[in-house]
Amino acid sequence: MSRELTGNLSYLLKHAQEKLRAMNNIALAHHGIDGRELAVLMVLAKGEPASQQEAAARLGVDRTTMVALLDVLEHKGLVARTPDVHDRRRNVVELTPTGRTTLDHATRTTDEVEREFLAPLSHRAADQLRTALRALVVSD
């Protein structure tokens, strides 16, 4: 690998993310889901039951993509969609008991993968990396 590439932040971030995604997807396959599906489960597990549109907004995906993801998760028995009692045009999406169990196991798995991915760094360096990335990604 050339010095020009290993010094390029875009290259490094892209390839670090690709490596972590691949590691996660291999590990998550044991739970029957992938990283995108895990992200949906994580968003739905927070707070009040969400509409499809609210979940899509939280994940930053378009409506069509969200519907497709929910279709897959519903087929797997991990989420359930029901009409909102106050607005029948709105579907409320909630985790099923199987979805909650899958989320718990998959989250532990991704925590292990993250530790493995960050193993070349000291604990302090790994924390600094998280803090720096959070500062770049999370806006007020």
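Which helices each supply at least two residues of the nonpolar patch? In this predicted model, the helices that do so are α2 (9-28) and α7 (123-137). The patch covers about 750 Å² of the surface and is made by Leu9, Leu13, Leu121, Leu129, Leu133, Leu136, Val137 and Val138. Helix α7 provides the largest share, four residues. Leu136 is found in α7; its relative accessibility is 67%, and because exposed means over 50%, Leu136 counts as exposed.

The protein contains seven helices and three strands. Read from the N terminus, the order of elements is α-α-α-β-α-α-β-β-α-α. The C-alpha trace spans about 60 × 30 × 25 Å along the principal axes. Of the 140 residues, 27% count as buried. The accessible surface comes to about 9,800 Å², and carbon and sulfur atoms account for 55% of that area. Among contacts between residues at least 6 apart in sequence, 52% join residues at least 24 apart.

A helix pair was also examined. Two packed helices are described by the angle between their axes and the distance between the axes. For α4 (residues 52-59) and α5 (residues 63-75), the angle is about 110 degrees and the axes lie 9 Å apart. Angles of 65 to 115 degrees count as roughly perpendicular, so α4 is roughly perpendicular to α5. On the α4 side, the residues in contact are Gln52, Ala55, Ala56 and Leu59; on the α5 side, they are Met66, Val67 and Leu70.

Key
Residues numbered from 1 in each chain as written. Predicted model: local features only at pLDDT ≥ 70, side-chain atom pairs only at ≥ 80, totals over all residues. Heavy atoms only, no water. Patch = residues over 30% accessible without salt bridge, like charges linked within 9 Å, V, L, I, M, F, W, Y side chains within 5 Å. Areas by Shrake-Rupley, 256 points an atom, 1.4 Å probe, with all protein chains shown as cover. Salt bridge = Lys/Arg side-chain N within 4 Å of Asp/Glu carboxyl O. Buried < 20%, exposed > 50% of the residue type's maximum accessible area, 1.4 Å probe, protein only. Axes fitted to C-alpha atoms, helices over the stretch in contact; angles between N-to-C directions. Parallel < 35°, antiparallel > 145°, perpendicular 65-115°, else oblique. Contact = heavy atoms within 4.5 Å.
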